[in-house]
Amino acid sequence: MPAIMAASWPKFREKDTTFTAVWSYIPPANPNYKITIGAMENGTVTANPTAAKAGATVTLTPVPDEGYALSTLTVTDRFGDAVRVTENSDGTYTFTMPNGQVTVTVTFEQAPLPFHDVTEGDWFYDAVRYAYETGLMDG
């Protein structure tokens, strides 16, 4: 035992002593919570900011691949409950960050053809879609 310990704690020199340390976690006063964007196909979505404090406004910008359109966009909190999302006129979506991390889930679907007389159930639909998407036909 070092000389300083022996001089400071004389009664501990004579017997075995156990010390117990207790720590407690003190969370940050106002943390930024993570915004997780789930895996998706046929497009992308960005969040601005990518992490936010509770009460902050978060903007989501979905960008579908060519020939696709946004189908669904949902935000859920850490408990799996839906967070209210507002669609804006510029194609973005906003929500208020809750008190915890969130997950954004987005799906894209094939965009409808711009022809009013062609519907998905028509026998020629696939041929018209192919001709339109490859630029063989535009109207």
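**Exercise 1. The mixed sheet**

What is the strand order of the open sheet of four strands with mixed pairing?

*Solution.* Start with the ground rules. This is a predicted model, with residues numbered from 1 along each chain as its sequence is written; local features need pLDDT of at least 70, side-chain atom pairs count only at pLDDT 80 or more, and totals for chains, interfaces and linings use all residues. Side-chain values use heavy atoms, with hydrogens and water left out.

Step 1: Helices (H or I, at least four residues) and strands (E, at least two) are DSSP runs, numbered from the N terminus. Two strands pair if DSSP finds at least two bridges between them.

Step 2: read the order. The sheet runs S3-S1-S8-S5.

Step 3: find the edges. Strand S3 (51-52) and S5 each have a single partner strand, so one side of each lacks a neighbour in the sheet.

Step 4: check the directions. S1 and S8 run parallel, joined by three bridges. Ile37 has Val104 in S8 as its bridge partner. S5 and S8 are antiparallel, with nine bridges.

**Exercise 2. The antiparallel sheet**

Step 1: Four bridges join strand S4 (residues 57-64) to strand S7 (residues 93-96) in the antiparallel sense. Thr59 has Thr94 in S7 as its bridge partner.

**Exercise 3. A threonine in a loop**

Is Thr92 buried or exposed, and which residues does Thr92 contact?

*Solution.* Step 1: locate Thr92. This residue lies in the loop between S6 and S7.

Step 1: apply the cut-offs. Buried means under 20% relative accessible area, exposed over 50%, partly exposed in between (1.4 Å probe, protein chains only). Thr92 has 13% relative accessibility, so Thr92 counts as buried.

Step 2: list the contacts (heavy atoms within 4.5 Å). Leaving aside neighbours within four places in sequence, Thr92 touches Thr59, Leu60, Thr61, Thr86 and Glu87.

**Exercise 4. The cores**

*Solution.* Step 1: define the core. A nonpolar core is a set of buried Ala, Val, Leu, Ile, Met, Phe, Trp, Tyr and Cys residues joined through side-chain atoms within 4.5 Å.

Step 1: describe the largest one. It has 17 residues, and those with the most contacts inside it include Ile35, Val58, Phe95 and Val102.

Step 2: trace the sources. Strand S1 (33-37), S2, S4, strand S5 (68-77), S7 and S8 each supply at least two residues of this core. S8 gives the most, with four residues.

Step 3: zoom in on Phe95. Leaving aside neighbours within four places in sequence, its contacts include Val58, Leu60, Val75 and Val102.

Step 4: note the second core. This separate core of five residues includes Leu113, Phe115, Val118 and Val128.

**Exercise 5. Aromatic pairs**

How many aromatic pairs does the structure hold?

*Solution.* Step 1: state the rule. Rings of Phe, Tyr and Trp (its six-membered ring) pair if their centres lie within 6.5 Å; planes under 30 degrees apart count as stacked, over 60 as edge-to-face and the rest as tilted.

Step 1: count. There are two pairs.

Step 2: classify Phe115 and Tyr132. The ring centres are 5.5 Å apart and the planes stand at 85 degrees, so this pair is edge-to-face. Phe115 lies in the loop between strand S8 (102-110) and helix H2 (125-133), whereas Tyr132 is in helix H2, 17 residues apart. Phe115 is buried at 14% relative accessible area; Tyr132 is partly exposed at 33%.

Step 3: classify Trp123 and Phe124. They are edge-to-face too, at 5.3 Å centre to centre and 90 degrees between the planes. Trp123 is exposed at 80%, while Phe124 is partly exposed at 27%.
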